Amino acid sequence: MVSVEAVELPAAGDEAARVIAFLGSAVPQVRAIAATQTRVITMNAAYDGDDFVMAGGVIGGDTVTAMIGPAHELPEELSAILAALGRATSVPPTPRFVGRPVPVPDALVLVDDIRAGGVDGVLDALQVARLDRVPPWLGDLAHGVSAAFLVLVSDEDRTRLGVHLVGLTCGWGHLEETHDGLSMRPAGLIEVGTHLRDVCLAAAALANSTR
């Protein structure tokens, strides 16, 4: 039995306007942004009693996807958006890399040399950085991000970052700058799904506190 109902609505229609107006006034809001190199999809969600309501689509598109379902299933719907984004951009669900930090100056030089296609420059940069090879995540990053996935939770006071993922051909991860340098922390879909549940639980708690 399908418990989440989804419909496609004309973006300029009255029904889409009513759904968007409800989401615009709801507190808190959960916003998911799924981006490829050529388009961006945004989905806004809010809790309505024991249900969630979510709507959105391609920015500037002619239709709006609207859905309603049990509140506890919102994390699964967000996970489904991420999984579909990965399939569309060939980002594997299980990361194929280890996020070893690279000093920021060395990472920038390596990226420039990889883009330039100069083998000698890459070898020199590896030697300076004391690396035996280019980290897979850095090699992919040099050629551009395949996808990005962002989840934000907003209430009347502030916006909180829930999830921020970068998708590469070697997998999903968190791009981070630490005292050790620039690194990409791997993130598999199972781990992200758990994090999304925590984000939605926090949003549901905020919703309950405003009733």
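The following questions and answers go through a predicted model.

Student: What conventions apply to the model?
Tutor: Residues are numbered from 1 along each chain as its sequence is written, and side-chain values use heavy atoms, with hydrogens and water left out. Because this is a predicted model, local features need pLDDT of at least 70 and side-chain atom pairs count only at pLDDT 80 or more, while totals for chains, interfaces and linings use all residues.

Student: How many helices and strands does the protein have?
Tutor: Helices (H or I, at least four residues) and strands (E, at least two) are DSSP runs, numbered from the N terminus. The C-alpha trace spans about 60 × 35 × 35 Å along its principal axes. The protein has six helices and nine strands.

Student: What percentage of the 211 residues is buried?
Tutor: Buried means under 20% relative accessible area, exposed over 50%, and partly exposed in between (1.4 Å probe, protein chains only). By that cut-off, the buried share of the 211 residues is 43%.

Student: Of the contacts with a separation of 6 or more, what share joins residues 24 or more positions apart?
Tutor: Contact means heavy atoms within 4.5 Å. Among contacts with a separation of 6 or more, the share from residues 24 or more positions apart is 59%.

Student: How many salt bridges does the structure hold?
Tutor: Side chains of opposite charge can pair when their charged atoms come close. A salt bridge is a side-chain nitrogen of Lys or Arg within 4 Å of a carboxyl oxygen of Asp or Glu. Arg-160 pairs with Asp-155 in a salt bridge, with the closest N and O atoms 2.9 Å apart, and Arg-160 is partly exposed at 26% relative accessibility. The number of salt bridges in the structure is three.

Student: Which residues do salt bridges with shared partners join into one network?
Tutor: Arg-185 forms a salt bridge with Glu-176, the closest N and O atoms being 3.1 Å apart, and another with Glu-191 at 3.8 Å, N to O. Relative accessibility is 38% for Arg-185, 26% for Glu-176 and 39% for Glu-191, so Glu-191 counts as partly exposed. The network made by shared partners consists of Glu-176, Arg-185 and Glu-191.

Student: Is H2 parallel or oblique to H6?
Tutor: Two packed helices are described by the angle between their axes and the distance between the axes. Axes here are lines fitted to C-alpha atoms, for helices over the stretch in contact, and angles run from 0 to 180 degrees between N-to-C directions. The axes of H2 (residues 74–89) and H6 (residues 189–209) come within 9 Å and cross at roughly 140 degrees. Angles under 35 degrees count as roughly parallel, over 145 as roughly antiparallel, 65 to 115 as roughly perpendicular and the rest as oblique, so H2 to H6 is oblique.

Student: Is Thr-89 buried or exposed?
Tutor: Thr-89 lies in helix H2. Not counting residues up to four places away in sequence, Thr-89 touches Thr-36, Ser-146 and Ala-147. Its relative accessibility is 13%, so Thr-89 counts as buried.
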